[in-house]
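Please open the structure in your viewer and keep the selection panel at hand.

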Amino acid sequence: MNNRSSQTISMLIWRSVGQAVILALLAGFVLPFIYGLVHHYQEKHQHIQQLASLLTTSASTPDGADVVAEQVNVLLENEPSIQSIVFYSTSQPINDISQSLDDWKNALFADTVSFNYPVVSKYEDFESVRPNKSTSNQQLATDLSESMSASSVTDESIGNTNRNNTLIGYINITMDVKVLRSHWFRSIIPLWLTTLLLTIISGIYIFRKLNWPVKDIEALNGVCGIIIKNAELEQLPTIPQRFNFQELTQIKKALAILFGRLQEAKQGYDTLAAFEQQLHNKDVSLDVQLHNFQSMITHELKTSLNAIVGGLQLLDYETLTREQKDAVEIISNGSDKLVLSLDHIIQLNQIQKGQIKIHNNDFNPLQLISDLLTKFEPIANQQGLALTSNIHHVDYSLYGDSAKIQQILSILVSNAIKFTPTGQVVITSQLTHFDKSNRWKISVKDTGIGIDSNHIDDIFNPFFQVDSSQTRQYEGSGVGLPVVKQMVQLMGATIEVDSTLGSGTQFTLTLVMPNQQQSRQQRLLNGLTIIYYYDQETGALFNELEYLGATVICHQDVQQVMNEIRAQKVDMVMFAEDVLADKAEPLAKLIRQHENEESVQRALLIYWYPQHQARYVDNFEYGLKAAGIDYCHSTTYDHKALSDLLKRWLVWT
């Protein structure tokens, strides 16, 4: 991961140009300095070699003493880099003629460098007059002159010339490198200053050129900052562009296109949200109409059936003839079946409206199964069926809604008997104990006609019939199993179907119920008063709150909610999932205003929204919390999850 701190492009350009200038100065000054100084040193060395060759040539002739003396004086006066010129008289060759190191080392680090050049003569008598020690610069010409004069006299007297070269000594020239470097540096300073000035001017010019796109980039960055800070921005700000750089022009166009697409997507989202709200309102309206229609139909039918049943009960059965008794029995059986179907339809309608509540109590599962056998065994015997039970546990007390469990099992056993021409119906009960709960698995298995696998998922739909023809063999309204499914879901249980066409069907009901200790824990909300504000339906959440032990007061009217809050202490106010955010905000503000004015204990306000609106929560959550609602959460129907949420929100331990 890159941990470098952020920096601007202009800062990067400044640093890059500065580094480039420094590198250019180093490369343009240090390297030429070294190269130039070494080259100057080499030139001076070659010049000294030429001078030494001239001196040695002059010194090797008998009459060159005056010339050498004049040359030495001229050199010492006009060559400041030459520190001294010394003559050494020796007849022995010096092994290390050059006392110097490498040229670049001498030029950079040495203070002085000495060079020895041999002086040779063609005359033998030079030996007799060779000085015994080295002479000074001023005596060099005199010594050489005397030696050469003596040699000249001897030669003239003898008259013979010796052609062999004879070493008479060395001329040592010492070069002052410090002076050489100083003179060279003074000569090069103007050039260095000129180069430095040109480099700085070039760097500034390059920076200005590179800074042109930076100005446009900074303008683009400013527009991006405006877009980031203003989430509700509807119009893209103008992006100034001083220079026509193709890349920046492309970025500007891309930003404009993306902003336009974002606005289009936002408009589409708003349209979709409005359309979804309309659909939701229509769905709610249709549901209300459907429920009202079902309530009206069932009420009217139930009223008519009650009149029929009441009339049958008023008949004097003893005075009727056999044919009349048969007719009355047919009418009575038909009315009983119709009453049962209507009861199922009414119950299904109440479950969908959330009007059915869970009422848990301690019960004995063995007694419940015994009551089922007592109720349906005569009916099974009439059809020639065997109704038996297989119990795989001892007597035990469970905690749950025994009335609804008995109704579910009654529907399953009744259907099993109805759709089993021959054979048996078996009720099997298994009980498994866990640390905090008990799992009761009870199944109803028959040897009847079975169900086609293609219709397994449809049998729980209201009014579904496998054989929907007018001449079907088995009667029924198709609402028994839907009631079973709705009740099973209401209790948090599961039901499974295993059927083979022509062999039989098995329904397995699995209930997880708390043990005695867990049941006490589930009533931890005892003592809490909760106002449940809803629009059309209370929903299953209302039942879950009562299941957890809270006192729940339901209201659809805002004024009723406020009257309830003024009349008693309220711990929580919950807004049902069918309450729109626009209706929840004003009520929340009224509640908070009342609490501030009356200085009463602050109630916890919770807004529940449907799970399918979770992706839109950002659109309404801010407004709700600003109005005083404490928490917004998707609706949960699991009592354990709901209990955990409430404990956390109430800061319970």
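In this tour, two residues are in contact when heavy atoms of theirs lie within 4.5 Å. The model under view is a predicted one.

**First stop: valine 38**

Select helix H1, residues 9-59, and within it valine 38. Which residues does valine 38 touch, leaving aside those up to four places away in sequence? They are Trp104 and Ala107. Is valine 38 buried or exposed? Its relative accessibility is 12%, and because buried means under 20% relative accessible area, valine 38 counts as buried.

**Second stop: the three-stranded sheet**

Now select strands S1, S3 and S2, which form an open sheet in that order with antiparallel pairing. Strand S1 (82-88) and strand S2 (112-121) are the edge strands, each pairing on one side only. From one strand to the next, the twist averages 20°. In general, the strands of a sheet pair through backbone hydrogen bonds. Turn to S1 and strand S3 (residues 166-176): these run antiparallel and are joined by six bridges.

Move to strand S11, residues 529-533, where threonine 529 is found. With a relative accessible area of 12%, threonine 529 is buried. Beyond residues up to four places away in sequence, threonine 529 touches Thr551, Ile553, Gln568, Lys569, Val570, Asp571 and Met572.

Finally, select helix H14 (residues 581-598) together with helix H15 (residues 617-627). At what angle do H14 and H15 pack? The angle is about 20°, and their axes are 8 Å apart. Angles under 35 degrees count as roughly parallel, and H14 and H15 are therefore roughly parallel to each other. Their crossing is right-handed. To display the contact, select Ala581, Ala584, Glu585, Ala588, Lys589 and Arg592 on H14, and Phe620, Gly623, Leu624 and Ala627 on H15. Coloured by class, the contact of H14 with H15 has six nonpolar, one polar and three charged residues.

How values were computed. Residues are numbered from 1 along each chain as its sequence is written. This is a predicted model: local features need pLDDT of at least 70, side-chain atom pairs count only at pLDDT 80 or more; totals for chains, interfaces and linings use all residues. Side-chain values use heavy atoms; hydrogens and water are left out. Axes are lines fitted to C-alpha atoms, for helices over the stretch in contact, and angles run from 0 to 180 degrees between N-to-C directions. Helices (H or I, at least four residues) and strands (E, at least two) are DSSP runs, numbered from the N terminus. Angles under 35 degrees count as roughly parallel, over 145 as roughly antiparallel, 65 to 115 as roughly perpendicular and the rest as oblique. A crossing is left-handed if the near helix is turned anticlockwise from the far one by less than a right angle, and right-handed if clockwise. Ala, Val, Leu, Ile, Met, Phe, Trp, Tyr, Cys and Pro count as nonpolar, Asp, Glu, Lys and Arg as charged, and the others, Gly among them, as polar. Two strands pair if DSSP finds at least two bridges between them. Buried means under 20% relative accessible area, exposed over 50%, partly exposed in between (1.4 Å probe, protein chains only).
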